[in-house]
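Here is a short briefing on how one protein chain packs and where it leaves open space. Look over the sequence and the structure before reading on.

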Amino acid sequence: MIDHPDQIKFLDTFARIAGFAAGVFLKVDCGYHRAGLPPTAMDKGGLFSKLGEMEKSGAGRLVGVYSHSSLSYGGRNRGDALRHLRGEVEACLLALDSYAGSLPVDRELVVSVGATPQVVAAESVAEGDDAEFEELRKFLKEPDTGAFKGRVRVELHAGNYPLLDMQQMSTNAGGVRERFFDEVGAYVVAETCSVYNDGEREYPEALVAVGTLGMGREPCPSYKGWGVVGPWGLPATQQGGRLFIDRISQEHSILRWESEDVAKKIPLSVGQTVKIYPNHTCITGAMYAWYLVVDSSSDPDATKIVDVWVRWLGW
């Protein structure tokens, strides 16, 4: 991923050690401002000239342009996510068209875009049959890139897509926000340490044995908390509301009802375990050396461990 001419010199070292040329994407900034260059200001410091030298030396080969807009995390529905998706593609196409004379013409170029909300929403585009979806589907399949028409392929990428989390549920890109416990593929199992149902506090609360070191401390736009308890193990009569982490410390958390009902007791007992769904799975997952895998298709309660996945650790 390249957005500065000084980065290219390191590809010589890579090619020498790896024994093959690096595939290179030019990073386009579509407004998120984490990395990348504006679509009409890509030739920073003679970047394209240096890319040509890179290809001649065999150190690297240009694959295409790349954008990752996490602005879509602030969306609230599928339409918001699709607008971000289209905006990303249009920005990348503008970059290609603006510098057509400096780009290779002997190959197809890839426009790689997306973040998890865009990819989740794109499922509806692939399956939908209304006129708006058909127009967007055609745009993604056959983008009109001016000088590059017919030689550009759009691909969608996403990092959190296989697992999801409460942040992703808040975008409602897939229209399944309320069924988070069916959609989110990762949770932390924590033990109940104590319960406060007898007027000791303003609201009924419970203390559980997981905190920032096991959950992270990432906020979520849709609620003011640090993780949501799933319905597993709770009485059916209590599954209409949501228990969530209201306060979090290093090694423990406090649960309470989202409804702030002072009369509604916490239906947990000391020693009982709960499944807590994280706000940001990427952060939570990085805190564990392995993942215990369950299969809800054969075990409805998803309590039987069928595999253990060892995580790659370190930076």
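Strand β11 gives the largest share of the lining of the largest pocket, with 5 residues. The model is predicted. The pocket holds about 1100 Å³ of space.

**The largest pocket**

- The lining is made up of 34 residues.
- Which residues lie nearest the centre of the pocket? They are Gly185, Ala186, Tyr187, Leu292 and Val294.
- By class, the lining has 22 nonpolar, 7 polar and 5 charged residues.

**The cavities**

- How many cavities of 30 Å³ or more does the structure hold? There are 2.
- The largest cavity has a volume of about 70 Å³.
- One run of its lining goes through Lys27, Val28, Asp29, Cys30, Gly31, Tyr32, His33, Arg34 and Ala35. Ser67, His68 and Ser69 also line this cavity.
- The lining of the largest cavity splits into 4 nonpolar, 5 polar and 3 charged residues.
- The second largest cavity has a volume of about 30 Å³.
- Its lining includes Met215, Gly216, Arg217 and Glu218. Trp226, Asn279 and His280 line it too.
- Here the classes are 2 nonpolar, 3 polar and 2 charged.

**Helix α3 with helix α5**

- Helix α3 covers residues 78-98, and helix α5 covers residues 131-141.
- Their axes come within 11 Å and cross at roughly 30°. An angle under 35 degrees counts as roughly parallel, so α3 is roughly parallel to α5.
- The crossing of α3 past α5 is left-handed.
- From α3, the contact uses Arg78, Leu82, Leu85, Arg86, Val89, Glu90 and Leu93. From α5, it uses Phe133, Glu135, Leu136, Phe139 and Leu140.
- This contact of α3 with α5 has 8 nonpolar, no polar and 4 charged residues.

**Helix α4 with helix α5**

- Helix α4 covers residues 116-127.
- The axes of α4 and α5 come within 8 Å and cross at roughly 105°.
- Ser124, Val125 and Ala126 of α4 meet Phe133, Leu136 and Arg137 of α5.
- The contact of α4 with α5 contains 4 nonpolar, 1 polar and 1 charged residues.

**Helix α3 with helix α4**

- The axes of α3 and α4 come within 8 Å and cross at roughly 100°. These two helices are therefore roughly perpendicular to each other.
- On the α3 side, Arg78, Ala81, Leu82, His84, Leu85 and Glu88 make the contact. On the α4 side, the residues are Pro117, Gln118, Ala121, Ala122, Ser124 and Val125.
- The contact of α3 with α4 has 7 nonpolar, 3 polar and 2 charged residues.

Definitions and conventions: Residues are numbered from 1 along each chain as its sequence is written. This is a predicted model: local features need pLDDT of at least 70, side-chain atom pairs count only at pLDDT 80 or more; totals for chains, interfaces and linings use all residues. Side-chain values use heavy atoms; hydrogens and water are left out. Axes are lines fitted to C-alpha atoms, for helices over the stretch in contact, and angles run from 0 to 180 degrees between N-to-C directions. Helices (H or I, at least four residues) and strands (E, at least two) are DSSP runs, numbered from the N terminus. Angles under 35 degrees count as roughly parallel, over 145 as roughly antiparallel, 65 to 115 as roughly perpendicular and the rest as oblique. A crossing is left-handed if the near helix is turned anticlockwise from the far one by less than a right angle, and right-handed if clockwise. Contact means heavy atoms within 4.5 Å. Ala, Val, Leu, Ile, Met, Phe, Trp, Tyr, Cys and Pro count as nonpolar, Asp, Glu, Lys and Arg as charged, and the others, Gly among them, as polar. On a 1 Å grid over the protein atoms alone, a cavity is a set of points where a 1.4 Å probe fits but cannot get out, and a pocket is an open set with protein on both sides within 12 Å along at least five of seven lines; lining residues have an atom within 4 Å of a point. Grid points are joined across faces, edges and corners, and a volume is the space filled by probe spheres set on the points.
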